[in-house]
Amino acid sequence: MSDRPIDRAGERTGARPAERPVASAVRSAQDIRETARRLAGVHEAALVGDHLPAESPRDAPRAVIGESWRRALDRGVDPERGSDQHPLSVAELEFRRQTSQLASVLPVLSGGLLPTAEAAQQIMVVTDSEGRVLWRDGSAPIRRMADRLGFDKGADWAEGTVGTNAIGTALVARSPVLVHSAEHFLRSHHQWTCAAAPLHDPRDGRLLGTVDVSGPAHSFHPTTLALVSAVARLAEGELRTRHHASLERLRSSAAPVLARIGGRALAVDANGWTAAVAGVTPPSRVALPKKPEAGPLWLPRYGMCTLEPLPGGWLIRLGRPEPAPGPHRVVLDLGRPGDPAVTVAGPAGSWSHALTPRHAELLFLLAAHPRGRSAAELAQDLFGDGGRTVTVRAELSRLRRHLAGVLAHRPYRFADGVEVELRLPDRPVELLPHSTAPTVLAARRPGDGHGAV
């Protein structure tokens with residue numbers, strides 16, 4: 001059994017989104033000062049709405065930066081001071097640290113980055129998926145400089161608060177980003193260069209946060225982004241190793257229980273990842289409620305079950321005699337960028353499931369087309385290429401494992417009798433901001449002639 005999902009090309013990859021080339025405006029140490037001067041002019045032109053010079057690609061911002069500037073302008077971020085900061089309280093900061101999966105890999109991040117950061121007069125920062133600074137370490141003089149910008153533990157470094165920056169932009173782009181000098185939206189940040197890489201849960205691709213190295217623009221080395229990206233991958237590998245070890249411990253404790261009770265049953269960890277089964281085909285994961293409790297429980301794939309606690313997880317007994325009530329309402333919540341979820345309600349209660357970026361895209365498309373879509377149509381919607389049906393079918397097969405009874409096929413659609421509520425962001429530009437699907441891009445810009453989906 002493998003708990004590693006399939007990527008866009010249909011290969012098992014450890015649940016990371018497909019890697020994109022790291023993005024940097026700086027190509028050499030000699031280029032740093034020249035690039036900073038050029039970017040300052042491009043930045044000012046963009047803020048006043050002037051047409052950017054088009055004599056050379058170097059006269060316009062990189063695509064990742066231009067898109068970020070547009071998001072900041074759309075949200076009304078002030079380039080002089082940003083939006084109001086509301087730092088986390090000491091108690092909330094400590095709670096987020098204790099509950100973050102990144103706490104367990106902090107030694108990997110620090111060991112890989114801190115020596116270099118301190119030697120180069122820089123700092124290392126680790127944030128959560130909202131852009132909140134959880135940990136910060138490195139050069140003492142640079143930490144004091146960061147304090148003057150409010151770049152301290154508990155600060156909000158998302159794009160909606162401080163505009164374009166490596167942390168916030170990497171969270172939106174879901175890929176490593178270097179933001180150099182005047183590529184920052186706030187003028188007060190133009191003396192800085194920052195390199196950040198997103199950190200994902202290797203089991204399902206869920207965004208956990210970022211790791212960032214920041215420091216004075218003039219002293220930044222062009223290879224820093226590659227180093228940050230490599231250390232981020234090491235940390236994700238450590239998370240994967242820890243996950244396999246915890247499943248093995250649960251498997252050892254569950255084996256005698258499964259042998260004794262007979263019948264059909266599964267042993268899963270607290271997040272629903274399968275450690276052992278009896279009498280059923282082993283799924284990679286079972287969609288559990290966010291706060292499961294012992295007792296009767298309706299699960300979308302198995303109907304009515306009984307949940308019993310195990311050390312490090314749950315025992316799910318299948319085959320209850322009661323008929324499995326079907327779901328009658330689905331809420332697809334895309335209103336919070338970066339945190340898509342689906343909630344299914346029926347006569348036996350309700351449960352919610354966090355969505356991967358690809359699954360959020362697919363459910364959005366199905367909600368927007370209640371009559372259904374073929375695999376070729378969905379491939380065109382997602383990739384602009386109707387021939388990529390194998391990838392679409394593989395992803396939908398995985399999605400239907402979590403949403404059995406909710407999704408139908410031939411064509412792919414929400415099942416008959418299921419009421420679907422689609423919750424969208426207040427600002428169309430914030431719809432699935434990680435997505436590059438043509439249909440999603442068109443829906444983000446309802447006024448550009450394409451119209452909303």
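Which residue in strand 10 is the bridge partner of Val268?

1. Basis of the note. This is a predicted model, in which local features need pLDDT of at least 70 and side-chain atom pairs count only at pLDDT 80 or more, while totals for chains, interfaces and linings use all residues. Residues are numbered from 1 along each chain as its sequence is written, and side-chain values use heavy atoms, with hydrogens and water left out.

2. The pair formed by strands 6 and 10. The bridge partner of Val268 is Trp314. Strand 6 (residues 265-269) and strand 10 (residues 313-317) run antiparallel and are joined by five bridges. Strands (E, at least two residues) and helices (H or I, at least four residues) are DSSP runs, numbered from the N terminus; two strands pair if DSSP finds at least two bridges between them.

3. Five strands, in the order 7-6-10-9-8, make up an open sheet with antiparallel pairing. Strand 7 (274-278) and strand 8 (295-299) are the edges; each has a single partner strand, so one side of each lacks a neighbour in the sheet. From one strand to the next, the twist averages 30°.

4. The hairpin of strands 6 and 7. Four residues lie between these two strands in the hairpin, and Gly272 in the turn has a positive phi of about 90°. The strands pair in the antiparallel sense over four bridges, and Leu266 stands opposite Val277 in strand 7. Four of the five residues of strand 7 are buried, so this strand is largely enclosed by the rest of the structure. Buried means under 20% relative accessible area, exposed over 50%, and partly exposed in between (1.4 Å probe, protein chains only).

5. The helix across the sheet. Helix 8 (residues 224-261) lies across strand 6, strand 7, strand 9 (303-310) and strand 10, and runs at about 20° to strand 7. Axes are lines fitted to C-alpha atoms, for helices over the stretch in contact (heavy atoms within 4.5 Å), and angles run from 0 to 180 degrees between N-to-C directions.

6. The largest nonpolar core. This core has 36 residues, and Leu363 and Leu403 have the most contacts inside it. A nonpolar core is a set of buried Ala, Val, Leu, Ile, Met, Phe, Trp, Tyr and Cys residues joined through side-chain atoms within 4.5 Å. Helix 9 supplies the largest share, six residues. Among the residues that Leu363 touches, not counting those up to four places away in sequence, are Leu332, Leu403 and Phe414.

7. Strand 11. Strand 11 and strand 16 (residues 419-423) run parallel, joined by five bridges; Leu332 has Leu422 as its bridge partner in strand 16.
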